[in-house]
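Try each task yourself before you read its solution.

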Amino acid sequence: MSTISYAPINLFDQFSNELNRHFTRTRPDPTREHDWVPAVDIHEEESRFVLIADVPGVSRENIDITLEDGVLMVKGERSAKQESASAGLHRRERAFGMFQRQFTLPDTVDAEHINATVKDGVLEIAIPKQEKLQPRKITVN
C-alpha cells in the first residue's frame, strides 16, 4: 500500500508565490537589449533560406533588419496599450517592448537580394543563396 502525502499548505504557498510574482513585476529596464523574444522558424529551400518570425502587434515601421559581417539582426518594438485599473484590467501576460534576434548566415547567401515582408503578425525574410562557384582549371604557363 502506497502512502500519499497531503499538504494543503502547499496550495497556499503556490497561490502566494503566484500573487507575488504577478505584483512584483517591474517595468522593462531600458538598459536591457530586449524585453521579449519572438518565436522564429528557419527553413532551407533549394534556392533560399526563409526565416519566419511571430511578431503580432508590431507594425512594419517598428521593425529594423540589418546585415553586417554575416550576422542578420532583427530588432523591433511592440507598444503596450495603456489600460487603467478602472478599465477592468486584471492580468497582463502579453509581452511588450523591445525585441532583438541575431542569426549568423552562411557565406553562400546573396546579401544584396534579401527581402522582408510582414503580414498578419508574421515577418518573413527571404534570404536567397548565391550560385555555387564552379571549380575551374588553371593552366600553367
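**Exercise 1.** Work out what share of the residues in this predicted model is buried.

*Solution.* Start with the chain: the protein has 141 residues. Next, apply the cut-off, since buried means under 20% relative accessible area. Buried residues then come to 20% of the protein.

**Exercise 2.** List the helices and strands in order along the sequence.

*Solution.* Count them up: you get one helix and seven strands. Then read along the sequence, and the pattern is α-β-β-β-β-β-β-β.

**Exercise 3.** Find the largest nonpolar core and say which elements build it.

*Solution.* Here's a handy background idea: in soluble globular proteins, nonpolar side chains tend to be buried together. In this model, the largest nonpolar core holds 17 residues. Val55, Leu72, Val74, Leu123, Ile125 and Ile127 have the most contacts inside it. Two or more residues come from each of β2 (48-54), β4 (71-78), β5 (97-104) and β7 (122-128). Zoom in on Val55: leaving out residues up to four places away in sequence, its partners include Trp36, Ile63, Phe99 and Leu123.

**Exercise 4.** Describe the second largest pocket by volume and lining.

*Solution.* First, the volume is about 230 Å³. Second, 13 residues line this pocket, and Ser79, Ala80, Lys81, Arg92 and Arg94 lie nearest its centre.

Note on methods: Residues are numbered from 1 along each chain as its sequence is written. This is a predicted model: local features need pLDDT of at least 70, side-chain atom pairs count only at pLDDT 80 or more; totals for chains, interfaces and linings use all residues. Side-chain values use heavy atoms; hydrogens and water are left out. On a 1 Å grid over the protein atoms alone, a cavity is a set of points where a 1.4 Å probe fits but cannot get out, and a pocket is an open set with protein on both sides within 12 Å along at least five of seven lines; lining residues have an atom within 4 Å of a point. Grid points are joined across faces, edges and corners, and a volume is the space filled by probe spheres set on the points. A nonpolar core is a set of buried Ala, Val, Leu, Ile, Met, Phe, Trp, Tyr and Cys residues joined through side-chain atoms within 4.5 Å. Buried means under 20% relative accessible area, exposed over 50%, partly exposed in between (1.4 Å probe, protein chains only). Helices (H or I, at least four residues) and strands (E, at least two) are DSSP runs, numbered from the N terminus. Contact means heavy atoms within 4.5 Å.
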